[in-house]
Amino acid sequence: MTHSYKVSNMTCSGCITNVKSRLLIHPDILSAEVNLPDNAVITMQKHISLEELQDIIGADSKYRISENGSDSSHAAMHQNTVSTWFKTYKPLLLIFLFIAGISTISATRSGSFDSMIWMQYFMAGFFITFSFFKFLDLKGFAESYSMYDVLAKKMPAYGFVYPFIELGLGIAYLINFNMQITNIATILIMGFSSIGVIQSVMHKKRIQCACLGAVFNLPMSTVTIIEDLLMVVMALFMLNI
């Protein structure tokens with residue numbers, strides 16, 4: 001369920017960060033979109049009273065939360081939820097669209113659409129692009145990745161190695177290197193990587209997704225699961241399994 005509230009006495013971006021970070025600590029709050037001057041759209045898995053919300057952001061703090069009477073309709077709340085979702089995942093969606101577009105151009109060079117070529121170039125673009133964002137802050141990625149990946153939790157050094165693995169897979173797809181070995185490697189690596197993601201989403205852990213490194217603050221969600229398993233499905237399809 002999603003509700004809109006007014007949070008008074010917010011004056012700067014620091015206030016937004018402060019209020020949002022406090023809200024997201026609560027296990028029943030799935031997302032929180034906070035904007036100046038006093039708007040907060042909160043998605044929760046069960047209803048949380050105003051009194052409890054006030055305690056979350058600080059009973060003695062300067063921030064005071066109240067009902068937003070001008071935005072109480074179901075349609076308006078749904079619109080806010082959709083808007084928040086698209087705003088959160090906009091970088092990821094744009095990257096997917098760009099990669100899909102370039103892959104489509106590459107797959108239609110002969111005059112007809114070749115789905116196998118499309119998947120090969122899509123996976124090349126996916127791995128190379130996502131590894132690029134991880135390399136922008138390798139240490140930050142490794143720290144975020146170790147919070148949920150099964151292997152990186154036990155071997156933190158794996159977080160530093162993983163972007164190189166993604167880059168290697170991307171180059172392998174780009175140069176058409178032994179597709180059987182490349183697809184099997186993708187299935188094993190991405191399938192194993194998805195385990196930690198699925199566990200985190202199932203336990204509703206409020207942690208940052210490291211798919212785009214530490215550059216974008218993307219929350220861990222079912223979108224991350226789809227992203228990992230999509231690569232597995234494509235690799236399986238290319239193996240004709």
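This is a predicted model: local features need pLDDT of at least 70, side-chain atom pairs count only at pLDDT 80 or more; totals for chains, interfaces and linings use all residues.
The side chain of K46 meets that of D28 in a salt bridge with an N to O distance of 3.8 Å. Because D28 lies in the loop between α1 (13–25) and β2, and K46 in the loop between β3 and α2 (50–57), this pair ties together parts that are 18 residues apart in sequence. D28, at a relative accessible area of 13%, falls under the 20% cut-off and is therefore buried.

In total, the structure holds 3 salt bridges. Another of them joins the side chains of K6 and D38 (3.8 Å, N to O), and since K6 lies in strand β1 (residues 2–8) and D38 in the loop between β2 (29–35) and β3 (39–44), parts 32 residues apart in sequence are tied together. K6 is partly exposed at 36%, as is D38 at 25%. K134 forms a salt bridge with E166, with the closest N and O atoms 3.1 Å apart; this pair links helix α4 (residues 115–136) to helix α7 across 32 residues. K134 is buried, with 2% relative accessibility, and E166 is buried with 3%.

The axes of helix α7 (residues 157–174) and α8 come within 10 Å and cross at roughly 145 degrees, in a left-handed crossing. Residues making the contact include Y162, I165 and Y173 of α7 and N183, T186 and I189 of α8; by class, the contact has 10 nonpolar, 4 polar and no charged residues. N183, placed in helix α8 (residues 179–202), is buried at 1% relative accessibility and touches, among others, M123, Y173 and L239.

Conventions. Residues are numbered from 1 along each chain as its sequence is written. Side-chain values use heavy atoms; hydrogens and water are left out. Helices (H or I, at least four residues) and strands (E, at least two) are DSSP runs, numbered from the N terminus. Buried means under 20% relative accessible area, exposed over 50%, partly exposed in between (1.4 Å probe, protein chains only). Contact means heavy atoms within 4.5 Å. Axes are lines fitted to C-alpha atoms, for helices over the stretch in contact, and angles run from 0 to 180 degrees between N-to-C directions. A crossing is left-handed if the near helix is turned anticlockwise from the far one by less than a right angle, and right-handed if clockwise. Ala, Val, Leu, Ile, Met, Phe, Trp, Tyr, Cys and Pro count as nonpolar, Asp, Glu, Lys and Arg as charged, and the others, Gly among them, as polar. A salt bridge is a side-chain nitrogen of Lys or Arg within 4 Å of a carboxyl oxygen of Asp or Glu. Lists of a residue's contacts leave out its neighbours within four places in sequence.
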